[in-house]
Amino acid sequence: QVQLVESGGGLVQAGGSLRLSCTASGSILSIVTMGWYRQVPGNQRELVAAFTSDGSTNYADSVKGRFTISRDNAKNTVYLQMNSLKPGDTAVYYCNADLNVSGSWLVGDYWGQGTQVTVSS
């Protein structure tokens, strides 16, 4: 069974930093894409930052220059370093990955359970 497990959320003051981690585990053959989304109650889930299938990165305009996505392929882990945090960054952050897994011909779309990030003013 494939799981995405996130950690690193919490409460921080505006201007502060947090680092999120997400590790994929299970019968994973390869990672196609992996990244972070966020959602505020009442709003749609939105892309924050992600690695694409060719290894490049995409960032939401609102986080460019403040957030950095990185990864450790050996550990199937992706990180999100969030600096200069703003109250508007408050949301539940979800890890997402498209994975080739053992026993399936199809690329599966997987989500973590989410981690709360709260930025106080």
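In this predicted model, a disulfide links cysteine 22 to cysteine 95, with an S to S distance of 2.0 Å. A search of the whole structure finds 1 disulfide. Cysteine 22 belongs to strand β3 (residues 18–25) and cysteine 95 to strand β9 (residues 91–101), so the pair ties together parts that are 73 residues apart in sequence. The torsion about the S-S bond is about -85 degrees, and the disulfide is therefore left-handed. Both cysteine 22 and cysteine 95 are buried.

Threonine 115 is also part of a strand, namely β11 (residues 115–120). The relative accessible area of threonine 115 is 11%. Buried means under 20%, so threonine 115 counts as buried. A polar atom of the threonine 115 side chain lies 3.3 Å from the backbone nitrogen of glycine 9. Residues up to four places away in sequence aside, threonine 115 touches Glu6, Gly9, Leu20, Ala91, Val92 and Tyr93.

Glutamine 13 presents another case. This residue sits in strand β2 (residues 10–13). Glutamine 13 is in contact with Val119 and Ser120, when neighbours within four places in sequence are left aside. The C-alpha atoms of glutamine 13 and serine 120 are 4.8 Å apart in space, while the two residues are 107 residues apart in sequence.

How values were computed: Residues are numbered from 1 along each chain as its sequence is written. This is a predicted model: local features need pLDDT of at least 70, side-chain atom pairs count only at pLDDT 80 or more; totals for chains, interfaces and linings use all residues. Side-chain values use heavy atoms; hydrogens and water are left out. Helices (H or I, at least four residues) and strands (E, at least two) are DSSP runs, numbered from the N terminus. Contact means heavy atoms within 4.5 Å. A disulfide is a pair of cysteine sulfur atoms within 2.5 Å. Buried means under 20% relative accessible area, exposed over 50%, partly exposed in between (1.4 Å probe, protein chains only). A polar contact is a pair of N or O atoms within 3.5 Å; within protein, one must be able to donate a hydrogen and the other to accept it, and residues adjacent in sequence count only if both atoms are side-chain atoms.
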